[in-house]
Amino acid sequence: MQSPVLVLKDSLTRESGSKVHHANIQASKAVADIIRTTLGPRSMLKMLLDAQGGIVVTNDGNAILRELDIAHPAAKSMIELSRTQDEEVGDGTTSVIVLAGEMLHVAEAFIDKKYHPTVICRAYNKALEDALAVLDKISMSIDVNDRSMMLGLVKSCIGTKFTSQFGDLISDLALDATTIVGVDIGQGLREVDIKKYIKVEKIPGGQLEDSKVLKGVMFSKDVVVPGKMKRKIVNPRIILLDCPLEYKKGENQTNAELVREEDWAVLLKMEEEYIENLCVQILKFKPDLVITEKGLSDLACHYFSKAGVSAIRRLRKTDNNRIAKACGAVIVNRPDELQESDVGTGAGLFEVKKIGDEFFAYIVDCKDPKACTVLLRGASKDLLNEVERNLQDAMSVARNILKHPKLVPGGGATELTVSATLKQKSSSIEGIEKWPYEAAAVAFEAIPRTLAQNCGVNVIRTMTALQGKHANGENAWTGIDGNTGEISDMKELKIWDAYNVKAQTFKTAIEAACMLLRIDDIVSGIKKRQAPGASQPSKPTIEQEGEADNEQMIPE
């Protein structure tokens with residue numbers, strides 16, 4: 001008899017075939033179940049403890065999964081989903097995972113029946129195309145300038161979040177912030193850069209109701225000489241520099257040998273004159289406020305305060321860019337290149353206020369600011385962090401709408417319509433793909449079902465009633481009111497979703513499900529190649545700080 005042939009090394013473990021599929025599906029379902037309860041307005045919060053003992057309390061799907069440490073490879077790729085969703089459109093992170101988990105769950109039956117995964121994937125992709133077509137059909141355009149519409153929209157998107165109990169507060173902040181920084185780039189398109197030009201300042205203390213969007217910027221700096229410089233200037237002329245206002249030192253160590261004592265005085269005088277020249281060049285433009293990213297020497301301070309100019313030094317580059325955007329100044333690299341056009345005159349007020357123990361400089365009431373600061377106040381750090389996460393989501397939603405002003409119904413209505421239409425279409429599909437296609441149609445119902453579950457109503461009754469209403473793809477706006485669990489018209493309740501959030505959710509979920517279904521082999525235990533001649537390291541190795549809290553530290 002032939003001896004067995006070893007292809008893989010002993011240390012490698014290999015799983016293949018349906019075993020892998022089942023493992024992957026189980027893992028994805030586990031991830032989906034973690035997040036399932038955080039969907040909808042009646043969602044639960046999750047409390048996560050990180051390695052340093054800090055706590056995160058949130059129901060933002062992405063924030064939860066980001067904190068989890070997961071071993072299973074398939075579950076890891078599920079987590080990537082919510083991250084891409086968060087980066088792409090900023091909302092719908094929970095629904096993506098729930099939907100993908102459900103898609104895989106319905107596929108399991110087919111894998112048991114020995115369907116080939118590519119057949120299932122083909123059917124899924126067909127379902128995705130049809131689903132997007134349905135979205136196009138039921139979406140409705142809105143007017144971006146109609147504030148109440150926009151408010152309703154942002155509100156329904158963050159109605160599922162923790163801050164929804166504070167009414168319109170967060171939606172107002174998000175809308176104001178995004179409308180301020182929106183830039184028209186022609187052809188009716190708007191570019192909204194949330195990351196660069198909207199700064200969220202969290203200051204514990206006060207009440208949430210005190211949060212506001214400043215028409216300008218604020219940063220935690222005080223003027224250089226508090227006693228002598230003005231702390232409140234109306235309509236300031238602002239000059240922004242990113243060069244130091246102090247005497248230039250040599251690049252490397254420079255030694256100057258002086259023979260005569262008088263030369264020393266001359267040297268000092270030269271330094272003073274150099275700084276005086278710098279200041280004179282700047283003061284020519286009669287600024288009221290000089291801000292530099294680098295240092296500012298005492299002498300320069302003296303000249304400025306003598307001229308009644310306030311100065312701020314060592315400001316972050318990002319903050320400086322925001323100020324430039326807000327008041328219309330240009331950041332200048334060398335004082336001798338200053339021009340009148342570089343002076344920012346757009347700000348209405350410069351003021352230094354004390355909040356708690358810190359001084360904050362405000363540059364506000366700008367005429368046409370293209371950058372803004374959202375000031376969040378609240379009772380505790382954790383609360384503020386959660387509010388900030390919600391605000392990020394709300395701003396992303398507002399940004400999406402400004403870019404693509406199209407809406408689809410929320411509250412599970414979209415998914416039900418898609419599901420009903422796909423079920424109808426499935427009868428016209430020939431061959432073996434019909435069944436997976438139908439299953440995909442059923443999988444879309446996961447979202448309304450989960451919504452109903454989280455409300456605590458009778459799921460089966462609610463779902464049957466809804467399916468009856470949606471039976472032939474009509475009543476597209478009938479869905480579940482997430483607060484009460486009753487079946488109602490989404491148009492009246494103003495529960496909407498942004499079109500591109502929904503489209504992205506469907507795409508990401510189905511594509512990920514297909515990818516995970518196509519995996520049929522997992523080989524693990526691959527070691528890094530060692531250089532020939534390097535002996536195996538003996539066991540006691542020094543731990544990196546990341547592994548310091550591993551179990552294997554102290555042998556019993």
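## A buried lysine and its partner

Lysine 199 is buried, as its relative accessible area is 16% (buried means under 20% relative accessible area, exposed over 50%, and partly exposed in between, using a 1.4 Å probe and protein chains only). Its side chain meets that of glutamate 201 in a salt bridge, with 3.2 Å from N to O. A salt bridge here is a side-chain nitrogen of Lys or Arg within 4 Å of a carboxyl oxygen of Asp or Glu. Glutamate 201 is buried too, with a relative accessible area of 12%.

Before we go on, please keep in mind that this is a predicted model, where local features need pLDDT of at least 70 and side-chain atom pairs count only at pLDDT 80 or more, while totals for chains, interfaces and linings use all residues. Residues are numbered from 1 along each chain as its sequence is written, and side-chain values use heavy atoms, leaving out hydrogens and water.

How many salt bridges does a search of the whole structure find? The search finds 24. One of them joins aspartate 136 and lysine 406, whose closest N and O atoms are 3.9 Å apart. Aspartate 136 belongs to helix H5 and lysine 406 to strand S18 (residues 406-409), so this pair ties together parts that are 270 residues apart in sequence.

Another salt bridge links lysine 502 to aspartate 497, with the closest N and O atoms 2.8 Å apart. Lysine 502 is buried, at a relative accessible area of 8%, and aspartate 497 is buried at 15%. Elsewhere, salt bridges with shared partners connect Lys199, Glu201, Arg316, Asp319 and Arg322 in one network.

## Where H5 meets H14

Now follow helix H5 (residues 117-138) to helix H14 (residues 434-443): the two pack at an angle of about 50 degrees, and their axes are 8 Å apart. Axes are lines fitted to C-alpha atoms, for helices over the stretch in contact, and angles run from 0 to 180 degrees between N-to-C directions. The angle makes H5 oblique to H14 (under 35 degrees counts as roughly parallel, over 145 as roughly antiparallel, 65 to 115 as roughly perpendicular, and the rest as oblique).

Which residues of H5 and H14 make the contact? From H5 come Ile120, Ala123, Tyr124, Lys126, Ala127 and Asp130, and from H14 come Pro436, Tyr437 and Ala440. Contact means heavy atoms within 4.5 Å. Sorted by class, this contact has 7 nonpolar, no polar and 2 charged residues (Ala, Val, Leu, Ile, Met, Phe, Trp, Tyr, Cys and Pro count as nonpolar, Asp, Glu, Lys and Arg as charged, and the others, Gly among them, as polar).

The axes of helix H4 (residues 93-112) and H15 come within 9 Å and cross at roughly 115 degrees. Ser95, Val98, Leu99 and Glu102 of H4 touch Ala446, Ile447, Arg449 and Thr450 of H15. By class, that contact has 4 nonpolar, 2 polar and 2 charged residues.

Leucine 451 is also found in helix H15 (residues 446-455). Is leucine 451 buried or exposed? At 9% relative accessibility, leucine 451 counts as buried. Leaving aside neighbours within four places in sequence, leucine 451 contacts Leu39, Gly40, Pro41, Gly411, Gly412 and Ile480.

How values were computed
Helix = DSSP H or I, 4+ residues; strand = E, 2+ residues; numbered from the N terminus.
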